[in-house]
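Let's walk through this structure together, one part at a time. Please take a moment to look at the picture before reading on.

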Amino acid sequence: MKRRKFIQNASLSTIGIAVGSSVFASENNISSFTSEEKKNENLSENFPLVIATWNVNDSTAEAWRVLQEGKSALDAVEKGCMIEEANAEGQSVGIGGLPDRDGNVTLDACIMDSNGNYGAVVYLQNIVHPISVARKVMEDTPHVILAGKGAEQFAYSEGFEKTNLLTENSKKAWEKWKKTSQYKPIINIENHDTIGMLAIDKDGNISGGCTTSGLAYKMAGRVGDSPIIGSGLFIDNEIGGATATGLGEEVLKTVGSFLIVELMRQGKTPQEACEEAIGRIVKKNPDFKDFQVGYIAVNKKGETGYYSIHDGFWVTKYQNDKNENFPSDFYNKK
Ligand code: SD4
């Protein structure tokens with residue numbers, strides 16, 4: 001049974017028909033703008049819009065192409081993230097991702113749509129496109145997260161193929177690492193890291209996706225922030241969305257993406273909200289010099305913000321027919 005159907009049925013039986021209309025209201029994207037509202041607020045210039053962590057122009061271009069076809073923000077973030085997942089040169093997402101200490105490439109991903117639906121996979125192996133499996137979890141199951149072998153089996157049942165994700169380059173890097181086996185989070189892997197993507201479609205509806213192979217040489221079984229709702233990604237179509245990159249443990253402890261959306265709800269701009277979320281991390285961590293966290297955010301008007309702890313974080317934004325990279329401002333000015 002499709003998840004939405006499952007929830008609708010549960011709603012009818014447990015909540016009763018009297019409140020049914022409010023339960024179903026979200027099906028109709030109550031916070032879409034009418035074209036009149038868009039005209040009045042002069043919003044059409046700001047979206048469609050795609051923004052993503054790091055220098056991922058091919059991914060934002062693909063998402064933009066999907067939006068130009070009039071498709072949803074959800075389709076755009078899935079297709080955009082898939083480009084990075086299939087890029088074997090990128091060593092922090094999908095195929096080619098650096099493995100854990102035992103040499104296993106394990107992937108985390110999640111996706112969230114403008115109706116507040118969310119799906120995720122954690123510790124997924126042998127599948128090139130975890131973002132698409134996450135979408136299937138969201139749309140085709142009554143659950144929101146599938147992990148490990150269960151997620152892998154589910155992927156096969158949905159027609160995904162088994163693929164060896166450990167490329168020669170990543171294997172060599174792991175073998176080199178094994179000589180010292182010193183574990184230290186790496187700040188800004190070649191300006192090209194976990195992809196978190198937020199998109200607003202032509203109707204002003206927001207969706208997001210986040211996909212990663214996690215930290216290089218992590219302990220077996222480790223799961224980061226990227227697939228966890230509120231940490232690596234959060235969308236509230238009435239307010240905006242946020243997504244994260246960097247040391248997931250710190251993002252998880254501060255529930256960073258949810259925090260940013262809630263700060264925007266209280267009236268902060270996306271930029272102010274990202275800066276405050278980074279502030280929460282550094283305040284509690286005298287050793288913040290050793291790790292990076294970067295956030296990006298967008299609000300309902302299509303305004304964006306981004307901020308990181310250290311220099312070296314970049315974002316890619318596709319807006320008004322321009323696909324551009326921007327260096328992020330950062331906290332640690334030394
Ligand atoms: C994680 N946040 O697994 C991810 C990794 C990452 O830049 O973003 N690296 O903790």
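**Helices across a sheet**

Helix H10 lies across E7, E8 and strand E9 (293-299), and H10 runs at about 145° to E8. This is a predicted model, in which local features need pLDDT of at least 70 and side-chain atom pairs count only at pLDDT 80 or more, while totals for chains, interfaces and linings use all residues. Residues are numbered from 1 along each chain as its sequence is written.

Helices (H or I, at least four residues) and strands (E, at least two) are DSSP runs, numbered from the N terminus. Two residues are in contact if their C-beta atoms, placed from the backbone, lie within 7 Å. Axes are lines fitted to C-alpha atoms, for helices over the stretch in contact, and angles run from 0 to 180 degrees between N-to-C directions.

A further helix, H11 (residues 270-284), lies across E8, E9 and E10 and runs at about 20° to E10.

Now look at the sheet itself. Its 4 strands form an open sheet in the order E7-E8-E9-E10, with antiparallel pairing; two strands pair if DSSP finds at least two bridges between them. Strand E7 (233-236) and strand E10 (304-308) stand at the edges with a single partner strand each, so one side of each has no neighbour in the sheet. On average, neighbouring strands of this sheet are turned by 10° against each other, direction ignored. E7 and strand E8 (residues 240-246) run antiparallel and are joined by 4 bridges. Asp-236, for instance, has Gly-240 in E8 as its bridge partner.

Next come some backbone details. A cis peptide bond, with omega about 15°, joins Phe-47 and Pro-48. You can find Pro-48 in the loop between helix H3 (35-40) and strand E1 (49-53).

Tyr-123 sits in strand E3 (residues 118-124) and, though not a glycine, has a positive phi near 55°. Is Tyr-123 buried or exposed? Tyr-123 counts as buried because it has 22 C-beta neighbours inside 10 Å; the cut-offs are 20 or more other C-beta atoms within 10 Å for buried, 12 or fewer for exposed, and in between for partly exposed, with C-beta atoms placed from the backbone.

Val-255 is not a glycine either, and its phi is positive at about 45°. Val-255 lies in the loop between helix H9 (248-254) and helix H10 (256-265). With 18 C-beta neighbours inside 10 Å, Val-255 counts as partly exposed.
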